[in-house]
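Please read the following with the model open beside the text. It goes from single residues to the packing of elements and ends with the chain.

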Amino acid sequence: MTPSRKTLLFTAASLTLASTACAGTTDDGASGAGDSAAPESTAAAPATAVPAPAGSYANGEYSAQGSYIPPSNQTEEVDVTLTLEDGVVTDLSVSTSGNNPTSKQYQREFTSGVQEQVVGKSLDELDVAKVAGSSLTSSGFNKALDSIRTEAAG
């Protein structure tokens, strides 16, 4: 191969590399333009609404009634009135229907002991299980709490 032919081949190879590099730049540039449009569409996507945090209740006094069916099969009712301040129960009043003598006894014991388990606690934390041996009255009480949570959150 003659030196001029080598020079010619070297020049041709260099031009090929240069044109390939330029073509890549053009592709990158075109692709870059497409990429730059993608973030704009992502940024333009509407933000989703953030739900209110759990336990966000309005201050005030709330009343609700819960019920349960004891072994006597007579529906018993539990009326609950409580005061909320910053999601914490500050005052509580409970009255019961007392349709059955046995129920009356359990309800009386429940009513005398429930204050200690509720006042000073966050409404979200409350789930009274058994108070002074009464678990059925607790279920009626918890149903009333559910209604109060709904009303206070609304």
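Ala-132 is partly exposed, with a relative accessible area of 47%; under 20% counts as buried, over 50% as exposed and anything in between as partly exposed, for a 1.4 Å probe and protein chains only. Its place is the loop between α2 and α3, where helices (H or I, at least four residues) and strands (E, at least two) are DSSP runs numbered from the N terminus. The phi angle of Ala-132 is near 50°, a positive value in a residue other than glycine.

The model is a predicted one, in which local features need pLDDT of at least 70 and side-chain atom pairs count only at pLDDT 80 or more, while totals for chains, interfaces and linings use all residues. Residues are numbered from 1 along each chain as its sequence is written, and side-chain values use heavy atoms, with hydrogens and water left out.

A positive phi in a residue other than glycine is also found at Asn-73, with a value near 70°. Asn-73 belongs to the loop between β1 (60-68) and β2 (76-85). With a relative accessible area of 64%, Asn-73 is exposed.

Two packed helices are described by the angle between their axes and the distance between the axes. For helix α2 (residues 101-118) and helix α3 (residues 136-153), the axes come within 10 Å and cross at roughly 55°. The axes are lines fitted to C-alpha atoms, for helices over the stretch in contact, and angles run from 0 to 180 degrees between N-to-C directions. α2 and α3 are therefore oblique to each other, given that angles under 35 degrees count as roughly parallel, over 145 as roughly antiparallel, 65 to 115 as roughly perpendicular and the rest as oblique. On the α2 side, the contact (heavy atoms within 4.5 Å) is made by Tyr-106, Gln-107, Phe-110, Val-114 and Val-118, and on the α3 side by Thr-137, Ser-138 and Phe-141. By class, the contact of α2 with α3 has five nonpolar residues, three polar and no charged. Here Ala, Val, Leu, Ile, Met, Phe, Trp, Tyr, Cys and Pro count as nonpolar, Asp, Glu, Lys and Arg as charged, and the others, Gly among them, as polar.

Ser-112 also lies in helix α2. Ser-112 is exposed, with a relative accessible area of 57%. A polar atom of its side chain lies 2.9 Å from the backbone oxygen of Glu-109.

In helix α3 sits Asn-142, which is buried at a relative accessible area of 13%. A polar atom of the Asn-142 side chain lies 2.6 Å from the backbone oxygen of Val-128. Leaving aside neighbours within four places in sequence, Asn-142 is in contact with Asp-127 and Val-128.

Leu-84, in strand β2, is buried with a relative accessible area of 1%. Beyond its neighbours within four places in sequence, Leu-84 is in contact with Tyr-57, Ala-58, Asn-59, Gly-60, Tyr-62, Val-89, Leu-123 and Ala-152.

The chain has three helices and three strands, in the order α-β-β-β-α-α from the N terminus on. Of its 154 residues, 25% count as buried.

Definitions and conventions: Polar contact = N/O pair within 3.5 Å; in protein donor to acceptor, adjacent residues only side chain to side chain.
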